[in-house]
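Trainee: Please take me slowly through one part of this model, with the cut-offs stated as you go. I would like to see how that part relates to the rest of the chain.

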Amino acid sequence: MSVIRVVLAEDEALIRDALLALLGLKSDIEVVAAVADGDEAVAAARNYVSAAMTKLHAATRHEACTIAERKGWI
């Protein structure tokens with residue numbers, strides 16, 4: 001089963017927490033960051049992509065995509 005990784009961005013804390021709880025019930029969804037605004041969402045996504053590239057031993061995003069495609073992830 002493939003896991004969908006999500007950056008959740010919502011400025012209202014109560015709604016963000018509720019969405020986080022709902023998404024936590026799904027085994028095929030992983031929230032990699034829950035943030036309050038768009039700037040934080042972009043930063044979280046960049047951090048996640050950088051960490052994924054490091055795990056793949058990829059020097060560029062293109063190389064990371066090529067590796068992911070070879071592995072059948074995309």
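**The part in close view**

Mentor: Isoleucine 4 counts as partly exposed because its relative accessibility is 49%, a class lying between buried (under 20% relative accessible area) and exposed (over 50%), with a 1.4 Å probe and protein chains only. This is a predicted model, in which local features need pLDDT of at least 70 and side-chain atom pairs count only at pLDDT 80 or more, while totals for chains, interfaces and linings use all residues. Residues are numbered from 1 along each chain as its sequence is written, and side-chain values use heavy atoms, with hydrogens and water left out.

Isoleucine 4 belongs to strand β1, where helices (H or I, at least four residues) and strands (E, at least two) are DSSP runs numbered from the N terminus. Leaving aside residues up to four places away in sequence, isoleucine 4 touches Asp28, Ile29 and Glu30, contact meaning heavy atoms within 4.5 Å. Alanine 9 is also found in strand β1, and it is classed as partly exposed because its relative accessible area is 40%. With the same exclusion of residues up to four places away, alanine 9 touches Val35, Asp37 and Ala41; its C-alpha atom is separated by 5.5 Å from that of alanine 36, 27 residues apart along the chain.

From here we can turn to helix α2, the part I would examine closely. At the start of α2, a side-chain oxygen of aspartate 37 comes to within 3.1 Å of the backbone nitrogen of aspartate 39. The helix has 19 residues and reaches 27 Å from its first C-alpha to its last, close to the 27 Å expected at 1.5 Å a residue, the expected span being 1.5 Å times one less than the number of residues. After α2 comes histidine 57, whose phi is positive, near 60 degrees.

The buried residues of α2 are Ala41, Ala44, Met53 and Leu56, and they pack against β1 (4-9), β2 (29-35) and α3. Helix α2 (residues 38-56) packs with helix α3 (residues 61-70) at an angle of about 65 degrees, their axes lying 10 Å apart; axes are lines fitted to C-alpha atoms over the stretch in contact, and angles run from 0 to 180 degrees between N-to-C directions. The crossing of α2 past α3 is left-handed, in that the near helix is turned anticlockwise from the far one by less than a right angle. In this contact Arg46, Val49, Met53 and Leu56 of α2 meet Arg61, Ala64 and Ile67 of α3. The residues of the contact divide into five nonpolar, no polar and two charged.

As for the setting of this helix, the chain has three helices and two strands, arranged along the sequence as β-α-β-α-α. Its C-alpha trace spans about 40 × 30 × 15 Å along the principal axes, and buried residues make up 18% of the 74 residues. Among contacts between residues at least 6 apart in sequence, 49% join residues at least 24 apart.

Definitions and conventions
Ala, Val, Leu, Ile, Met, Phe, Trp, Tyr, Cys and Pro count as nonpolar, Asp, Glu, Lys and Arg as charged, and the others, Gly among them, as polar. A polar contact is a pair of N or O atoms within 3.5 Å; within protein, one must be able to donate a hydrogen and the other to accept it, and residues adjacent in sequence count only if both atoms are side-chain atoms.
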